[in-house]
Amino acid sequence: IRCWSNIPFITMPLSRAHGKSFAHRSELKHAKRIVVKLGSAVVTRGDECGLALGRLASIVEQVSMLQNQGREMMIVTSGAVAFGKQRLRHEILLSQSVRQALHSGQSQLKDMAIPVLEARACAAAGQSGLMALYEAMFTQYSICAAQILVTNLDFHDEQKRRNLNGTLHELLRMNIVPIINTNDAVVPPPEPNSDLQGVNVISVKDNDSLAARLAVEMKTDLLIVLSDVEGLFDSPPGSDDAKLIDIFYPGDQQSVTFGTKSRVGMGGMEAKVKAALWALQGGTSVVIANGTHPKISGHVITDIVDGKKVGTFFSEVKPAGPTVEQQGEMARAGGRTLAALQPEQRAEIIYRLADLLTDQREEILLANKKDMEEAENKGRLALPLLKRLTLSTSKLNSLAIGLRQIAASSQDSVGRVIRRTRIAKDLELEQVTVPIGVLLVIFESRPDCLPQVSALAIASGNGLLLKGGKEAAYSNQILHHLAQEALSIHGVKDAVQLVNTREEVEDLCRLDKLIDLIIPRGSSQLVKDIQKAAKGIPVMGHSEGICHVYVDMDASVEKVTRIIRDSKCEYPAACNALETLLIHRDLLRTPLFDQIIDMLRIEQVKIHAGPKFASYLTFSPSEVKSLRTEYGDLECCIEVVDSVQEAVEHIHKYGSSHTDVIVTENEKTAEFFLQHVDSACVFWNASTRFSDGYRFGLGAEVGISTSRIHARGPVGIEGLLTTKWLLRGDSHVVSDFSEHGSMKYLHESLPLPQRNTS
């Protein structure tokens, strides 16, 4: 605990030997000493007269938050000239209006021309006001700020340089935020050729070079340069082909075309890049980002420090493989080539992958054994996740069978005509199935998901990005290698990509230009996080698997225990396992009820009592904390209902629209349940565990969707397809169909081509 102004705060364990910049964004959270450079476009209003107060307040709030975490924050700020210009204009207008009124003796004033204001005078008039504003804002967070004005000479005079260094260190030691600016009231104009003179010298001719010089002098961990553009682009921002560069490496300058400089301020993007590279060479990490965008400016600084993909990160360490953006483009191009193959060729790839799963069984199991040993040694995986991580010979055999089913059923999935209409004479319309595009599948633990999803993507002609959990790294690596080996037989190896970089899931979910659909496979928390993080990309999946079995008063004694045992105990970690058992009230204290309880005890299932069930018992099990709980283990809730109608209402209120079952011999009651329960899968006298793509005959599934979209329940090939419209005409124009035109709409339905069902 550290204190000042009687306000305590918790410090973070931040320590790092200076001399080498961070290699990856994820390491930025360890930065202790940070310089934030605020460009003129960030600090000033659009009219360049006065400050953007709301934006500035948000920046101060973020800097204060990081300071209160125990970091050492410094700000290099522009804005004195703009603030001074506003004050001087006001004074000139006031002075002119008084003189004109006295001279003319009239109350009506004529238009007055404001003279061009000299920048040094504006800076002199604005410095005190700018600092007063910063002090007032930081005071709201019980933080003290101090102003330091510097010029180029302060860095070239050794004594002044030592004094500046000592002053800054003393301020940081006292938890004071230094506010640094060039002394624009006295600074000479920049020399045209005085720029970067090597690692030991940088001319302070603008606040970009000042921030870089200061960062290196103070052995800063991170320099954040905020401007009015998102970062560095491979061509001028705003041009059609401009792409934001996520990571910039020394030597990449040749691949960049610089645009014009900022609307205000001394330096353009070229000056920022030169200053950033100089700071990077001196051991300071650099991020250039947008500090003006209303949607992100409120958290841009904290997002950068958290390691999120914001702006352009400068790094000296080039990754061995492609970036995730490059992988997305490769998957897009590979997917389009894959979709253009003949159905038999796509099926051949899947058959080859199925063969590889059995032929390379020993290598796969050896890799999986490494994952299991690491997971057990670290002890960080819960038992359900350990079970999902495990591969076995029987699992691989089942996977191979499922893949062969997919290959056999995929012959006419892509390009199938589902509607034909004759619009008019010689004008025919077709609706045909096409791939969605590029899929991002994020999965935890379960490496068997990789070949399943790969096969479904291949069958549907989609490009695929896979992001597996690090706990299954060895298994995923060999399975992805086998998938690419199978794809290579028709030259489409790049269609399936495994993301191995340190990319955070939240950053992947922002790649809306590269990804068309996200499919999460994992815990309910993972799915919720992805649904929250996805920006402009649809997410298909389910956040919870709260599955019910309702035992009706007309249930068969023989069927009940079999179905409940299989639904709960066969694989309790599965999302389609029973979590809540609903019992008709008339069955309480009957032999059937006793058999259910005895079976659950024998299977060592922990029982939680629902509120109504607990009220019937003198000594009840622990009362459930929530009726909306997914246990994922040998636990379940038992609740009592009075009728099938009440069972349906309970499911709608507490369920997750995944899979729900009725056990009864009454057909009328069963049909009522089947028709009224609004879930993706509703069964009669069958285990919840049948809710699975393989068991449905789909070969495999990319997941189970509880969304109310085109794909619901286990999602196989059909769920990964969309459609496009093909119109074939002969010089047809809409004007021919007007009231006085020569043609009439027919809109005749035409027979569909015969499907290949072999």
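This is a predicted model: local features need pLDDT of at least 70, side-chain atom pairs count only at pLDDT 80 or more; totals for chains, interfaces and linings use all residues.
**View 1. Helix H7 packs against helix H8.** Helix H7 covers residues 207-217, and helix H8 covers residues 269-281. Their axes lie 9 Å apart and meet at an angle of about 5 degrees. Because angles under 35 degrees count as roughly parallel, H7 is roughly parallel to H8. On the H7 side, the contact is made by Asp208, Ser209, Ala212, Arg213 and Val216. On the H8 side, Ala271, Lys272, Ala275, Trp278 and Ala279 take part. The residues of this contact comprise six nonpolar, one polar and three charged.

**View 2. Four strands form an open sheet.** The strand order is E25-E12-E11-E26, and the pairing is antiparallel. Strand E25 (721-728) and strand E26 (748-749) are the edge strands, each pairing on one side only. Strand E11 (residues 417-424) pairs with strand E12 (residues 427-435) in the antiparallel sense, and six bridges join the two. In one place to look, Arg422 has Glu428 of E12 as its bridge partner.

**View 3. Thr580 and the residues it touches.** Thr580 belongs to strand E18, which spans residues 578-584. Its relative accessibility is 1%. Buried means under 20%, so Thr580 counts as buried. Leaving aside residues up to four places away in sequence, Thr580 touches Ile546, Cys547, His548 and Val549, and also Leu627, Cys637 and His650.

Methods. Residues are numbered from 1 along each chain as its sequence is written. Side-chain values use heavy atoms; hydrogens and water are left out. Axes are lines fitted to C-alpha atoms, for helices over the stretch in contact, and angles run from 0 to 180 degrees between N-to-C directions. Angles under 35 degrees count as roughly parallel, over 145 as roughly antiparallel, 65 to 115 as roughly perpendicular and the rest as oblique. Contact means heavy atoms within 4.5 Å. Ala, Val, Leu, Ile, Met, Phe, Trp, Tyr, Cys and Pro count as nonpolar, Asp, Glu, Lys and Arg as charged, and the others, Gly among them, as polar. Two strands pair if DSSP finds at least two bridges between them. Buried means under 20% relative accessible area, exposed over 50%, partly exposed in between (1.4 Å probe, protein chains only).
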